[in-house]
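Visitor: I'm new to this one. Can you walk me through it?

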Amino acid sequence: MTTVLDPTNESTPAVLERCMRPESLAGLTVGLLDISKPRGNVFLDRVEERLNALGSTVRRYKKPTFTKPAPVDMRHQIATECDAVIEALAD
Amino acid sequence: MVDPILGDIAKGEPLTVYTQDDLTFPESIAGLDDLDLSMSWHHNIETVPTLIRVDANGAEEDRIIGWSRDQWQAFTGDIELGITLPEFRPGCGSLSVDPSRSDELNARMGGSGLATRRVDFAELEDEFEAMYDRGWSDGLPLVPPTEARVLRMLEGTTRTPGEVVANVPPDLVDITVEKIAVNAVMAGCKPEYLPVVITAVEAICTDEFNIHGLLATTMSVGPVFVINGPIRREIGMNSGINVFGQGNRANLTIGRAVQLVVRNVGGGRPGGVDRAAQGSPAKIGLAFPEDEEGTPWISLAEERGMDPGVNSLTALCLEGPRLIVDQLSRTPESLTNLIADALLTTHSSRMVAGIDALLVLSPEHMARYVDAGWDRARFRAELEERLMIDTDDIIRGTGGIDEGLPAAFAGKQVPKFRPGGLHIAHAGGPAGLFSSVFAGWVSGPTGSVPVTKEITP
């Protein structure tokens, strides 16, 4: 038998329960995250119109640069201020 | 030689003799078998014979090594001991410290001190297939990272195995010297490459270099490492013929080890966080040394602030090399015109000030400049002058091409690369009027900034 050293980060896969998907977005606060790719705002403007029509409260967020993950503070802000989030991933 | 002496000693006081190889030794007293060298290893025996005095509980009180008649007589209190033997013989090296056995012994005796989790492959598993099955491979075969091999790899650095080197994206995991060594073994590195690999991991796991963004981007770029300083030669890197290609172990495995760290420790895998649309052979692992000896110019590292003769590594975010062919220019002006012409089209003629690039001049192209008395600063100044772009030529819609600058930029002169965004190095074989350019990714603080770091032992 060969014994080797584990080259991975040895993280036990922690199974995190996802939030329940809401039945409807009506009356909920929905965050729209613009990752700063060109024309992401065009997409999100239209989504905002549709959400307003549904009776959602919309909050807008924008990453400083699309090349890096959203700052921790921004992620925390979205998690505490919103019931759901929609992200415009690319141009 | 000491065989009869052992019998003499045993007549006066209790004596236990352990034999490492030849069980017919000694004849004057019954010896015990230490063929597996466990007793020798646990007592740190470096020379045979070693004579150890223990107390009633077996704890060591004193030891002498080799044969010195005076020492043995004093040690045993027998002034007649070995009176007929020579005065001094140094003894022999213990098998337990024989280089061919010591790594395996260190691992077997549990003295390794390695903290990494052990993975046992089943009896019927092929060990190479087992590593593929566990998702550890970049697609090429891996060297099984056994304890003995990892311990040998760690001999390549003075750092302690438990030292945390960096926090590796995208999973943001602290990585130790030991874990880098495990991946370096798998990549096929020799121990003397380890300091380079460690420095490379440090360099890419900085906010400036931004390996996370580099992984996540759909552009086909990877971390490329340029090595400067004497360590290039000491570890046998190739800066000559086929410098970016196959054939040299250090060139090929250093970058691969870094990519295995990103994959296995950072968790960045193609199709996961790695979203490259097409990828590049450069993403398997690309490191090469600059040919410092072949040019009077200062090196890439020196231009970036390192002192001459210091071992260093520069990490850049780049695609693979693309040829620049000029077989007819005989003046530095003509060659510079041609190189500028090629650089202006990196990624596309419409891409301006958004990416860095690394230009690697070949020896035959370098000779045009050296013969004409141009130094690096003169070459850079002349080249950058030729890399200014008239924005009217690349406004969106011009030339029947939708890509380009917005109309608001019309009527301006802009540089192809941001200030400091063009990097220059020298490498390649002695013949061939070909240089290369590696184009980059989003440059500057919002993307990736090249990082130069000293390589320490």
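Guide: Start with a term. On a 1 Å grid over the protein atoms alone, a pocket is an open set of points with protein on both sides within 12 Å along at least five of seven lines, and lining residues have an atom within 4 Å of a point. This is a predicted model, where local features need pLDDT of at least 70, side-chain atom pairs count only at pLDDT 80 or more, and totals for chains, interfaces and linings use all residues. Residues are numbered from 1 along each chain as its sequence is written, chains are lettered from A in the order in which they are written, and side-chain values use heavy atoms, without hydrogens and water.

Visitor: Okay. Which residues lie nearest the centre of the second largest pocket?

Guide: B:Thr16, B:Val17, B:Tyr18, B:Thr50 and B:Leu51 do, out of 38 lining residues. The space in this pocket is about 1,200 Å³, a volume being the space filled by probe spheres set on the grid points, which are joined across faces, edges and corners.

Visitor: Which element gives the most to that lining?

Guide: β4(B), with five residues. Helices (H or I, at least four residues) and strands (E, at least two) are DSSP runs, numbered from the N terminus. Among the others in chain B that supply at least two residues each are α1 (3-12) and α3 (69-76).

Visitor: How many of the lining residues are nonpolar, polar or charged?

Guide: There are 21 nonpolar, eleven polar and six charged. Ala, Val, Leu, Ile, Met, Phe, Trp, Tyr, Cys and Pro count as nonpolar, Asp, Glu, Lys and Arg as charged, and the others, Gly among them, as polar.

Visitor: New topic. How many aromatic pairs over all chains?

Guide: Nine. Rings of Phe, Tyr and Trp (its six-membered ring) pair if their centres lie within 6.5 Å; planes under 30 degrees apart are stacked, over 60 edge-to-face, the rest tilted. Take B:Phe121 and B:Trp136: their centres are 6.2 Å apart and their planes at 40 degrees, so this pair is tilted. B:Phe121 is in the loop between β9 (118-120) and α5 (127-133) of chain B, and B:Trp136 in the loop between α5 and α6 (147-154), so the pair ties together parts 15 residues apart in sequence.

Visitor: Are those two buried or exposed?

Guide: Both B:Phe121 and B:Trp136 are buried. Buried means under 20% relative accessible area, exposed over 50%, partly exposed in between (1.4 Å probe, protein chains only).

Visitor: Which residues do ring pairs link into a cluster?

Guide: B:Trp297, B:Tyr369, B:Trp374 and B:Phe379.

Visitor: And salt bridges, how many over all chains?

Guide: A search finds 26. Each is a side-chain nitrogen of Lys or Arg within 4 Å of a carboxyl oxygen of Asp or Glu. One joins A:Glu48 and A:Arg60 at 2.6 Å, N to O. A:Glu48 is in helix α1 (residues 40-54) of chain A and A:Arg60 in strand β3 (residues 57-62), twelve residues apart. A:Glu48 is partly exposed at 22%, and A:Arg60 is partly exposed at 34%.

Visitor: What about B:Arg376, which residue does it bridge to?

Guide: B:Glu290, with the closest N and O atoms 3.8 Å apart. B:Arg376 is in helix α15 (residues 376-385) of chain B, and B:Glu290 is in the loop between β13 (286-289) and α12 (300-303), 86 residues apart. B:Arg376 counts as buried, at 3% relative accessibility. B:Glu290 counts as buried too, at 2%. Shared partners join B:Glu290, B:Glu303, B:Arg376, B:Arg380 and B:Glu384 into one salt-bridge network.

Terms used: On a 1 Å grid over the protein atoms alone, a cavity is a set of points where a 1.4 Å probe fits but cannot get out, and a pocket is an open set with protein on both sides within 12 Å along at least five of seven lines; lining residues have an atom within 4 Å of a point.
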